[in-house]
Amino acid sequence: SDHMENIYGYLMKYTNLVTGWQYRFFVLNNDAGLLEYFVNEQSRHLKPRGTLQLAGAVISPSDEDSHTFTVNAASGEQYKLRATDAKERQHWVSRLQICTQHHTEAIGKNNPPLKSRSFSLASQGSANSPGVQRRPSQNAVSFFSVGHHRLPAGKRVPIVQPDHLVDVREMMSQAEGQQRDLIRSIECLPVSGHLTSLDQDLLMLKATSMATMNCLNDCFHILQLQHASQQKGSLPAGTTISWLEPKISLANHFKNGAAQNFPAEINKPASVREEQSIAEPCELTREPEEINPDEELEDICDDKEDDLGAVEEQRSVILHLLSQLKLGMDLTRVVLPTFILEKRSLLEMYADFMSHPDLFIAITNGTTAEERMIRFVEYYLTSFHEGRKGAIAKKPYNPIIGETFHCSWRMPKSDVAADAGSNFPAHSPSEQVNLSKDVEGQAELDYYTVKFVAEQVSHHPPVSGFYAECVERKMCVNAHVWTKSKFLGMSIGVTMVGEGILSLLEHGEEYTFSLPCAYARSILTVPWVELGGKVNINCAKTGYSASINFHTKPFYGGKLHRVTGEVKQNATNTVVCRVQGEWNSVLEFTYSNGETKYVDLTKLTVTRKRVRPLEKQGPFESRRLWQHVTESLRDGDIDKATEHKRALEERQRNEERLRAETETPWCTKYFLKDGDGWVYHKPLWKTVSAAQTQQMDTN
């Protein structure tokens with residue numbers, strides 16, 4: 001009661017994408033259980049600009065930063081607020097939670113369960129049946145009888161022993177299943193009549209049941225931590241403890257839409273239970289693994305995404321999802337439905353941008369700095385077509401932190417020499433530097449090998465690092481990408497924040513480049529992808545640069561997938577090459593000597609990547625990690641795929657929370673933090689430099 005005083009002060013309130021954050025004067029009215037706000041303190045005597053009922057509300061500190069928090073009312077309305085610092089946020093959150101708890105409990109005391117009648121949503125009759133009729137003054141809480149088990153007087157509650165945690169988990173699982181059934185039953189009610197899905201009391205019941213399950217989950221997690229510390233003395237670094245998490249996104253408890261299928265926990269496939277279980281010791285090993293390209297086999301998977309399939313069937317679910325999103329909303333933490341997923345991880349998608357290794361290797365064959373820059377632009381523009389799997393816009397799996405992907409390509413040397421993919425003539429054998437011998441002195445091979453590795457180095461924000469190298473040609477590329485997704489109405493925009501560096505060690509040149517934005521358009525009809533934005537490629541040593549514009553389609557008229565660009569010498573500002581066309585169709589290159597070349601991307605030879613069989617992959621490698629999701633999607637079993645996907649995501653959340661509680665930093669496997677970026681732990685430029693130093697010492 002000491003904390004039930006009214007508090008007031010200025011907070012920032014998020015309004016919309018256009019208006020953004022605005023200072024507003026907030027008042028917590030504890031007596032009425034209301035959170036009110038005004039334009040400023042001087043207008044406090046006027047009618048509030050907005051009011052939220054706190055009974056049944058959920059107060060959630062945001063993990064985006066230490067200042068932001070949200071107030072989710074039982075009615076479905078939400079305030080996103082920001083304090084000036086972490087201390088002020090804690091002050092407001094604690095007072096709001098106390099007020100919310102007080103008024104939520106008051107509702108329960110004022111509306112005891114009716115002993116004379118019961119009501120089951122699962123077995124409801126028609127709207128006119130006696131079981132559905134109620135007086136207007138009755139609260140929905142009255143229709144749900146809740147049993148309270150009380151211990152005899154003077155009897156102490158026994159301490160939960162470690163071996164009882166299994167029983168506790170079983171009961172928690174049953175309680176979650178019942179809570180999901182309750183939510184589904186409420187959302188299946190009609191939108192009109194005596195008892196509707198929009199009934200204020202039922203909305204409040206959804207919110208309070210969600211808050212109750214969250215509280216129980218937190219208590220159960222504390223028991224697990226206590227048990228683990230008792231068993232091992234203290235929590236070792238990297239230990240993974242599995243606990244229950246809410247299976248439904250919070251927004252689904254405040255909005256009504258299409259009914260969702262929530263399979264019971266006990267019906268989960270064994271593979272799902274395995275994915276949720278405590279990680280094996282081998283999964284905790286973060287030592288870099290050297291992948292032998294000879295163990296990799298040519299990939300036979302060809303999962304094109306040209307079939308709308310479930311997207312057509314699940315349009316109501318998409319509408320339900322869109323109804324919960326706001327313009328400009330960050331989608332990083334939004335759980336999207338499984339049926340819109342591609343059958344590959346984002347890390348593998350980055351690898352598919354390397355599907356023309358002959359053009360990649362041919363870059364370093366350029367005899368002049370101008371020629372090498374032009375070849376890089378040609379390769380860059382031809383990489384996006386194969387990176388997309390089909391014309392339908394689907395989303396690759398979000399990699400979990402620590403996930404990796406390995407592959408390689410083998411390219412016959414004769415193919416690179418005979419058809420370099422440029423208008424420039426091929427080099428004669430005497431002009432080519434013989435670098436095809438392995439560094440360990442093995443016999444010369446008749447093909448080049450391009451090796452690729454990618455790793456998800458961060459979860460929040462989601463950052464991926466990837467690296468590719470061709471040892472024989474002394475060239476490598478290192479990049480890191482932070483994918484930022486936003487809701488744009490009938491489109492979804494993805495900004496690729498980051499930078500890549502191509503190193504041509506034979507020439508001592510580095511080329512920095514960025515990536516365009518991607519947009520999923522027409523998400524309610526036939527979704528399709530387009531690229532947009534300006535990217536730059538620069539080589540500081542040679543003074544050559546390229547500017548490339550990916551043009552989005554105008555509202556009226558205009559072509560799809562249009563791209564234009566130019567390569568120029570910075571010192572003289574001379575344009576040496578111009579390019580125009582479509583990044584997924586035909587590109588036209590016009591050179592300074594007047595020659596023109598057309599490249600039909602649909603006819604370019606795609607070199608299949610080589611990947612290790614699943615049985616030889618590590619547990620955190622993409623294909624093995626997502627294999628059950630991929631198999632279920634191929635079989636068209638969306639529910640099963642959803643369960644497998646949810647299990648992986650829950651395990652990631654569990655591990656992330658444990659690391660935060662034990663203050664254990666995440667250790668990456670292949671990439672090291674370097675300023676604002678990430679660098680491969682053993683890049684080719686280090687290897688070559690060390691070899692040259694050793695050779696000089698020997699001489």
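**Chatting through a predicted model**

Reader: How do the residues lining the largest cavity divide into nonpolar, polar and charged?
Author: The lining has 12 nonpolar residues, one polar and no charged. Ala, Val, Leu, Ile, Met, Phe, Trp, Tyr, Cys and Pro count as nonpolar, Asp, Glu, Lys and Arg as charged, and the others, Gly among them, as polar.

Reader: OK, and what counts as a cavity here?
Author: On a 1 Å grid over the protein atoms alone, it's a set of points where a 1.4 Å probe fits but cannot get out, and lining residues have an atom within 4 Å of a point. Points are joined across faces, edges and corners, and the volume is the space filled by probe spheres set on them.

Reader: How many cavities of 30 Å³ or more are there, and what volume does the largest have?
Author: There are seven, and the largest comes to about 190 Å³.

Reader: Which residues lie nearest the centre of that one?
Author: Of the 13 lining residues, Phe353, Tyr379, Ser383, Phe466 and Phe513. Helix H9 gives the most to the lining, with five residues. Helices (H or I, at least four residues) and strands (E, at least two) are DSSP runs, numbered from the N terminus.

Reader: How many helices and strands does the chain have?
Author: 14 helices and 26 strands.

Reader: What share of the chain is buried?
Author: 48% of the 699 residues. Buried means under 20% relative accessible area, exposed over 50%, and partly exposed in between, using a 1.4 Å probe and protein chains only.

Reader: Switching to cores: which residues touch the most other members of the largest nonpolar core?
Author: Phe360, Leu381, Phe452, Ile537 and Phe550, out of 62 residues. H9, residues 369-387, gives the most to this core, with nine residues. A nonpolar core is a set of buried Ala, Val, Leu, Ile, Met, Phe, Trp, Tyr and Cys residues joined through side-chain atoms within 4.5 Å.

Reader: What does Phe550 touch?
Author: Leaving out residues up to four places away in sequence, its partners include Leu381, Phe384, Pro516 and Trp583. Contact means heavy atoms within 4.5 Å.

Reader: What about the second core, which residues are in there?
Author: That separate core has 20 residues, including Leu11, Leu81, Leu96 and Cys99.

Reader: Last one: what is phi for histidine 561?
Author: Near 60°, a positive value in a residue other than glycine. Most residues other than glycine have a negative phi. Histidine 561 sits in the loop between strands S19 (544-551) and S20 (562-569). Asparagine 573, also not a glycine, has a positive phi of about 60° too, and its place is the loop between S20 and strand S21 (574-582).

Notes: Residues are numbered from 1 along each chain as its sequence is written. This is a predicted model: local features need pLDDT of at least 70, side-chain atom pairs count only at pLDDT 80 or more; totals for chains, interfaces and linings use all residues. Side-chain values use heavy atoms; hydrogens and water are left out. On a 1 Å grid over the protein atoms alone, a cavity is a set of points where a 1.4 Å probe fits but cannot get out, and a pocket is an open set with protein on both sides within 12 Å along at least five of seven lines; lining residues have an atom within 4 Å of a point.
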